[in-house]
Amino acid sequence: MVILKIENVTYSYKDGGYQRVILNDLSYEFQEGKFYTIIGESGSGKTTFLSLIAGLEKVKSGKIYFKDKSLDQIGYSNYRRNDIALVFQHYNLINYLSAIQNISLAMSKTKKKIKKQKYVGYALLKKFGIGKSKSDRSVTKLSGGEQQRVAIARALASNVELILADEPTGNLDKSTEIEIISIFKNLALEYNKTIIVVTHSSDVSDQSDIILRLVDGKLVEMK
Amino acid sequence: MGILQRVVSSIINKKIKYFLLFIIFFLLGNFLVIGIGINDASKMAVIKSREMLNPIIIFEQVDDSPEDYGIYYDDAIVEIINEIVLDERILVYNKITGMNMVVQNADAVDINVVDENIKQIENGVYISGNNTDSMFEIDDGSYEVVEGRFYTLDEIKNSEKVVLITNQFADLNNLKIGDKLQFKGDNHDELLKYFEDDFDPIIEYEIIGIFNNNQIIENENEDYINYNVMLAPAKSFLDFEDNYRNADLQLASFIYGWKDESSMVKSEDMYDAELPIIKLKDPDDLASFVEDYEEMILPYYTMNYNNELFENYGKPLDIITYFSNLILIAIVVNMILMFTAIIFLYVKMRDNEIGILLSIGIKKIEIMTQIFLEILIIGFLGISLALFSGSLLGNKFGNEIINISVVQNNINEYEDGDMFYNHDKDYFSELTQADVFNNFDFNITKSLAISIYFMIFIIVLISCVIPSILIMIQDPNKILNRKE
Ligand SMILES: Nc1ncnc2c1ncn2[C@@H]1O[C@H](COP(=O)(O)OP(=O)(O)OP(=O)(O)O)[C@@H](O)[C@H]1O
Ligand SMILES: [Mg+2]
């Protein structure tokens, strides 16, 4: 089943005097429950593409559909709140909250109300190797790998079907990268989540179901 | 997780930044507290001084009014004045007429008369009548009804013969409410000599109240008046009085050959043309009250409400109020500009956090609310401390300010000996510059504190407007490219 449909999306930045086209009439359909990775040269437009499908930016030409509804119909802020979760390279947790508070903040925002938020939150964190005492700690006092796990737990906690990540392992060492990737892989397998990860690491892309390369403003399936 | 929890966590996390903001709120808050305190103290001093200055209005004849006793002949003015006394803003008015009488079926209180030249008429009493259901003396407590009641508007309208007596008079004669008293005029016996048995008007009153006369007695010789004074509706004895005046007139025509009886004005008409002394409920109404009516009576009369005296003594306070208003506006404008800049910076520094919150779908309005609440809490904490220190500083300041504000006053005090001295002015209370200044009391009251908190609320709210625009136009997309 198609969860995300990109239809003739063109995107360009104004660069000095002229328009520089980043995405060029791009169309693609993402299937539910699959683990995708997007690779491509630096500056090819991977982050730009992700920000469009994350509803962080509006498409100027073309359409994006989430389960047959265009993002315009859903509303961008609603879409971000209820339908997707983002994981960033820089973890991007709210630094004045504890790990568990970061998680419950995300939970309280979704339409699908979650009962026993705290209990579920601790359980999730534990699943990703963050124990009770670390969960109650301010996130700034966690290691990079731990913070990224909290970020993924937060993505999962918001109980959405589509998880997007931009170089989530970019700041982590190899062994941690492998752990994080296996978590993503699991999410797709066990929870039937659709995962789209932008990465430079072949270790990451090798683990995914489908590898897409962004080249000349278009997505090309590699695997 | 609730917004308040986030607010508190955020404040604790940004301890140092928020401590600086707290200090700024505290420092500026002191100015605000002192400014508001001084402003309020001077406004209150004006009000308190006005209150000390009884809100009394008297009528004064215009020097070159059309006719000397014009009012007697101008029914229109009489009517206007009778209208004026019905105004809702009036607390009480005195339009007193009195008559010396002799009580028939009781004894007047006899007091040692120190001065041999003064002779008390045997059983002489004085009936004082007003035209409304109270009088100044009742209002200010110098007459205190201890038993029964004062006469009512209905009784005034029907000129009913009801009377209040002093408790000394009641005790002496063993009188109680409901008892009857009979009176004659104090020249009755003389008139009787000429009219023989033909002249014998008697008036009978029912006692409806007993009062204590607390008036300060300045002259012992007048004690008997104070104990033998009685209160009754003004018009209840005017016809009776006319009997005596008619008899007097007849006697005069008999003795001196006067014939023109028609020249006699009825007591009631004379009374109607009397000028009331008015006391308002609220001193603030004085100016507007006078403005409402003075035009109508102007060819003959003006209204005096002791405004010259007040305006002179109150001038320093007006100056203080004026300047403290200016300073307050300056402080508030400065606070708003300063906090706008600070909050703008804070929001800018929190770009990343705002981006994350937006990326997980938190609404912009909620983010704005969070920042607003954070600033507001710090603002309230800062101002709370400033309320203490500001009060202390203000107390010192306030007195200094009032001392340097003393201006030379050139009031023309009215002299008692003045030929044209209007005794109605005795009702004006006295007020000195010192009284006015003593009323200046720097004091941060509860309601003042509440309004200061409210001001901080408004200042923070306004200061958040421009920074909010920054949030409104924040592009959540940036978050993906931002490096920490
Ligand atoms: N706001 C912007 N204004 C103008 N040009 C931009 C803007 N954001 C990105 N670009 C340009 O668009 C191109 C694509 O940027 P993007 O961040 O999507 O690349 P990327 O594939 O994610 O690269 P990397 O692998 O280095 O993260 C780059 O050349 C970049 O300079
Ligand atoms: Mg990128």
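Colleague: How many salt bridges does the structure hold over all chains?

Modeller: This is a predicted model. It holds 21 salt bridges over all chains.

Colleague: Why is the pair Lys174(A) and Asp203(A) called a salt bridge?

Modeller: The two side chains meet at 3.3 Å, N to O. The cut-off is 4 Å between a Lys or Arg side-chain nitrogen and an Asp or Glu carboxyl oxygen. The 3.3 Å of Lys174(A) and Asp203(A) lies within 4 Å, so the pair counts. The pair also links distant parts of the chain. Lys174(A) sits in helix H8 of chain A and Asp203(A) in helix H9 of chain A, 29 residues apart.

Colleague: How many salt bridges are counted between chain B and chain A?

Modeller: The count there is 0. There are 4 residue pairs in polar contact between chain B and chain A, both residues at pLDDT 80 or more.

Colleague: Which helices of chain B supply at least two residues each to the side that touches chain A?

Modeller: Helices H1, H14, H15 and H19 of chain B. H14(B) gives the largest share, 6 residues. By type, that side of chain B divides into 9 nonpolar, 10 polar and 10 charged residues.

Colleague: What is the extent of the contact between the chains?

Modeller: 29 residues of chain B are in contact with 25 residues of chain A. The two chains bury about 2400 Å² between them, 57% of it on carbon and sulfur atoms.

Colleague: What makes Phe344(B), Val465(B), Ile466(B), Ile469(B), Met472(B) and Ile473(B) a nonpolar patch?

Modeller: Patch members need over 30% relative accessible area, and nonpolar side chains are joined within 5 Å, so these six residues qualify as one patch. Together they have about 560 Å² of accessible area. Helix H18 of chain B gives the most, 4 residues. Ile469(B) has its place in helix H18 of chain B.

Key: Residues numbered from 1 in each chain as written. Chains lettered and ligands numbered in written order. Predicted model: local features only at pLDDT ≥ 70, side-chain atom pairs only at ≥ 80, totals over all residues. Heavy atoms only, no water. Contact = heavy atoms within 4.5 Å. Buried area = accessible area lost by both parts, 1.4 Å probe. Polar contact = N/O pair within 3.5 Å; in protein donor to acceptor, adjacent residues only side chain to side chain. Nonpolar A, V, L, I, M, F, W, Y, C, P; charged D, E, K, R; others polar. Patch = residues over 30% accessible without salt bridge, like charges linked within 9 Å, V, L, I, M, F, W, Y side chains within 5 Å. Areas by Shrake-Rupley, 256 points an atom, 1.4 Å probe, with all protein chains shown as cover.
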